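Hi everyone, thanks for making time. I'd like to walk you through one structure, so let me put it on the screen.

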Amino acid sequence: MTKSTASITTTTKKDPSQFGQAIRNNLQTYALVLAMIAIWILFYFQTDGIYLSPQNFSNLFRQMTITAIMSVGMVLVIVAGHIDLSVGKLAGYVSVIVAYFQAYFWADHLPDAPALLTTALSVLVGLLVGTLYGVVQGWIIAYLRVPSFITTLGSMWILNGLILIATVGKTIPANQPLFSIIAQDYIPKTTGWIIAGIVAVVLFVSMFMGRQRKHKYGITLAPMWQDLLKTTLMAGFVFGYVYYVNVYRGIQNPVMILIIIVVIFSYIANNTRLGRYTYAIGGNREAARLSGINIRGNTFTIFVLMGFLCGVSGVVMASYVGYGTIAAGGGYELFAIAACILGGTSTLGGVGTIFGAMIGSLIITSLTNGLQIMNVPSAWQYVISGAVLVFAVAADMAMKKTK
Amino acid sequence: MEKDVILEFNNVTKKFPGITALDNITFSIRRGEIHGICGENGAGKSTLMKILAGVYPWGTYDGQILHNGQDLKLRSIHQAVGEGIAIVYQELTLVPSITVGENIYLGKEPVKAGIINWDKLYADSQDVLEKYHLDVKARSLVRHLGVGKMQMTEIAKALSENAKVLILDEPTSALSEAETDQLMEILRGLKKHGVTCIYISHKLEEFFKITDSITVLRDGKMIITEPTKGLSVEALVKHMVGREMKERFPKGNRKPGEVILEVEDLHAQNPLDSNDEIIRGVSFNLRRGEILGIAGLMGSGRTELVMTLFGEYGKITQGKIKMEGREIKIKSSNQAMLYGISMVPEDRKLHGLVAIQSILRNISLANLGRFSSWFRINDSAELKESTYYAKSISIKAPNLHAMAESLSGGNQQKVVIAKWLMSQPKVLIMDDPTRGIDVGTKYEIYKIMNDLAEKGIAIIMISSDLQEVLGMSDRIMVMCENQSVRTLNRSEATQEKIMALATGTESQPVLER
């Protein structure tokens with residue numbers, strides 16, 4: 001045993017394979033980012049530069065938020081080997097309920113309460129409704145073992161019905177000034193800069209702390225310049241983004257909400273047991289089970305989180321659209337799923353990243369937005385978006401085959 | 001003599017990168033005989049048969065195969081079938097949800113104007129079944145058949161294509177004894193119809209019941225081809241293992257300590273079917289620092305037993321499990337791990353490994369609790385510990401971030417072992433730990449096992465390879481029909497004795513037919 005034929009190296013400087021490995025593992029993500037940039041450049045020239053103007057660039061990110069928030073949870077759902085077809089209608093139901101509370105309920109029951117309180121309560125109600133629905137749905141899928149496809153398909157219809165019941169077929173206004181701030185307003189420019197500064201500091205501090213921790217455990221560190229370069233680049237992107245959107249009116253509130261969610265859920269996916277177990281369950285359910293993982297509990301939690309995110313998405317939807325309608329959220333589930341698939345999430349489970357899904361979401365939005373500016377009829381927008389989705393996955397398959 | 005020969009292998013050599021699987025194989029098979037081919041795992045039996053069945057096409061190997069005196073140049077399995085050579089694989093390849101007849105004619109359904117002629121399909125398949133005395137109904141659903149009848153369906157499928165040479169790759173590995181006898185009867189019937197059978201098996205006794213001549217392969221080389229009459233089990237074993245037998249298993253230097261695990265008269269049933277009793281009385285004890293081998297045929301309840309001990313399968317209806325003197329109830333793998341019981345499962349692809357994840361994540365998977373709070377995994381600690389275990393059993397990989405699926409079978413198995421070592425078990429169950437692994441890595445795994453036992457870990461090892469059981473175990477518990485029959489000491493155990501116990505031929509006289 002001591003006669004070392006082993007060639008396990010943790011992270012030696014001389015061994016380039018570690019770095020190469022990281023590149024290879026993320027090849028798909030890089031290809032996606034490049035595809036997105038290519039799409040931007042294409043539209044930039046097709047629209048005489050309007051497309052990448054600060055105003056449109058800002059709008060691009062806001063347009064994607066509602067479905068992108070769903071995609072964040074959808075990645076975990078699909079990675080775990082499930083699917084959720086109910087997200088669009090659940091968010092729609094939440095938006096309708098929130099609109100109802102905003103328009104009628106508080107006026108009837110708390111007529112003297114300050115707007116700030118009722119708005120906050122509306123948001124809370126929205127998040128609660130989404131989460132509770134997630135609890136019920138997660139329980140049915142995880143503990144009653146009804147396949148997620150069936151459960152969520154049923155939910156889609158149920159929620160559609162609930163929306164009709166709640167609205168009585170009418171549109172409910174949700175355009176109260178304070179409530180509109182959530183999805184329509186901007187973060188003050190100075191605050192934007194301060195946030196960027198804080199993010200940069202956090203990035204550097206956590207980089208140094210990470211190095212220190214690795215050192216403590218005797219793990220060979222990547223060269224300092226590599227980490228510095230990486231962190232500086234990331235900080236650069238943050239400042240660049242804030243600069244560009246500040247040329248227009250600043251970071252939009254919903255985009256800020258999305259970013260916070262992405263950060264939290266990426267952390268959950270990578271650095272907690274819940275996340276790790278989810279990937280393991282999707283990768284090999286039996287191996288995960290025999291490794292002592294509580295599969296049911298894990299599945300349940302994921303659907304609860306998905307429900308919560310639908311709550312967030314529904315609140316943003318109500319505030320952005322300004323009213324709750326019977327059509328709210330219809331078809332959004334497919335955008336959310338498509339974004340995940342485009343972003344490299346495997347329908348077979350076990351593989352996928354939230355970052356990838358965000359790029360996927362951005363690509364879909366970039367396409368629709370660009371085609372709109374070019375005045376392409378909406379019929380053709382559908383044709384093109386669909387073709388791009390299928391083509392992207394086909395290209396990915398071809399790439400995997402040649403590997 | 002020449003006329004009698006149906007197949008002739010001349011200097012057949014097959015090389016894989018880094019390994020010569022077949023080395024100048026030369027022998028011939030006579031028309032209408034049942035020809036046994038035996039050898040250890042990795043001796044080259046399967047490779048040879050795959051060449052004969054067209055899986056490895058002509059040109060990918062050297063040498064020549066004469067079929068009825070003609071040079072056989074197969075390009076595909078399809079062509080082999082056309083030549084009348086068919087193979088019945090070890091793993092059954094039937095579609096369970098359709099009928100026997102449909103399976104027999106799958107892919108070659110009789111059609112008229114593009115419409116399947118069902119009457120003809122069922123009439124023809126029933127004819128084939130009856131002609132060879134296969135006791136299966138063409139209209140039965142395969143799902144409802146037992147393993148033995150499935151095997152018959154496979155054979156009928158091969159025969160429906162007018163196979164003149166039928167290759168049977170370990171056909172009895174999953175059959176009960178009665179079913180085996182039935183199969184033997186069928187093969188004798190085929191012989192009367194002039195079908196030549198090539199019979200591969202690990203159960204040596206079967207060769208003497210059924211074959212006319214036997215070819216022994218060892219490490220890709222042809223050792224002998226002789227009429228069965230002149231051979232004995234002992235001679236066969238000697239030819240199979242050669243002189244290397246002693247070197248195959250590293251010598252351990254261990255002293256078993258006090259009893260750590262006791263199982264008393266354990267009974268358990270299938271959790272999904274209370275009529276299915278999967279364990280019908282198993283008792284044994286296990287000491288610290290000891291390797292207890294569990295021998296038994298496939299289907300004897302070996303895997304069901306350890307899965308039940310690991311809390312993941314059987315519902316215990318009777319009996320006790322005591323760990324360090326205390327009675328314990330294990331309801332899940334998680335709980336088993338808390339008691340210090342870990343298990344390297346039988347099928348590493350299905351149950352052991354998350355193939356699409358890195359080595360690191362596979363090793364740490366069962367042990368994440370140790371370096372994480374509820375909101376954070378300490379990835380540095382994870383990497384450090386995983387590296388320690390990966391190094392301790394010499395996993396060969398560029399680094400721990402490599403995908404598990406990129407490793408060789410042996411190294412994949414080591415990853416699974418590393419995962420379970422990290423859980424620091426007191427009792428380590430290893431279900432067929434060297435299945436499908438090359439000889440060199442097998443030796444390394446044996447050394448790891450000896451090492452662990454010397455450190456005081458109690459190991460339960462299931463194996464289908466009798467020599468492995470004999471070579472590695474301190475004691476051997478033999479199982480037959482979901483019961484523990486007897487536990488033998490290493491000194492008193494022989495292959496024959498184990499086989500007799502495992503097949504139930506020792507305790508009961510063979511029934512007259």
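Let's start with a lysine: B:Lys414 has a relative accessible area of 1%, so this residue counts as buried (buried is under 20%, exposed over 50%, partly exposed in between, with a 1.4 Å probe and protein chains only). The side chain of B:Lys414 meets that of B:Glu444 in a salt bridge, 2.5 Å from N to O; the term stands for a side-chain nitrogen of Lys or Arg within 4 Å of a carboxyl oxygen of Asp or Glu. B:Glu444 sits in helix H16 (residues 439–454) of chain B and B:Lys414 in helix H15 (residues 409–422) of chain B, so the pair links distant parts of the chain, 30 residues apart. Helices here are DSSP runs of H or I with at least four residues, strands are runs of E with at least two, and both are numbered from the N terminus.

A quick word on the ground rules. This is a predicted model, so local features need pLDDT of at least 70 and side-chain atom pairs count only at pLDDT 80 or more, while totals for chains, interfaces and linings use all residues. Residues are numbered from 1 along each chain as its sequence is written, chains are lettered from A and ligands numbered from 1 in the order in which they are written, and side-chain values use heavy atoms, leaving out hydrogens and water.

Back to the charges. Over all chains the count comes to 22 salt bridges. One of them pairs B:Arg288 with B:Glu258, with the closest N and O atoms 2.9 Å apart. B:Arg288 is in the loop between strand E14 (273–287) and strand E15 (291–295) of chain B, and B:Glu258 is in the loop between helix H9 (245–248) and strand E13 (259–270) of chain B, so this pair ties together parts 30 residues apart in sequence. B:Arg288 is partly exposed at 26%, and B:Glu258 is partly exposed too, at 46%. Another bridge joins B:Arg30 and B:Glu33 at 3.3 Å. There, B:Arg30 is partly exposed at 36%, whereas B:Glu33 is buried at 4%.

Now, how many residues of chain A are in contact with chain B? It's 38 residues of chain A against 54 of chain B, where contact means heavy atoms within 4.5 Å. The area buried between the two chains is about 3900 Å², with carbon and sulfur atoms giving 53%; that is the accessible area (1.4 Å probe) that two parts lose on being put together, summed over both. Across this interface there are three salt bridges, including A:Arg289 with B:Glu312 at 2.3 Å, N to O.

Finally, chain B itself. An automatic or database assignment divides chain B into domain 1 (2–247), domain 2 (254–340 + 426–434 + 454–507) and domain 3 (346–424). The centres of domain 1 and domain 2 of chain B, taken over C-alpha atoms, are 33 Å apart. The contact takes 10 residues from domain 1 and eight residues from domain 2. Between them, these two domains bury about 850 Å². On the domain 1 side, B:Ser173, B:Glu177 and B:Lys203 lose the most area to domain 2, together 35% of what that side buries.
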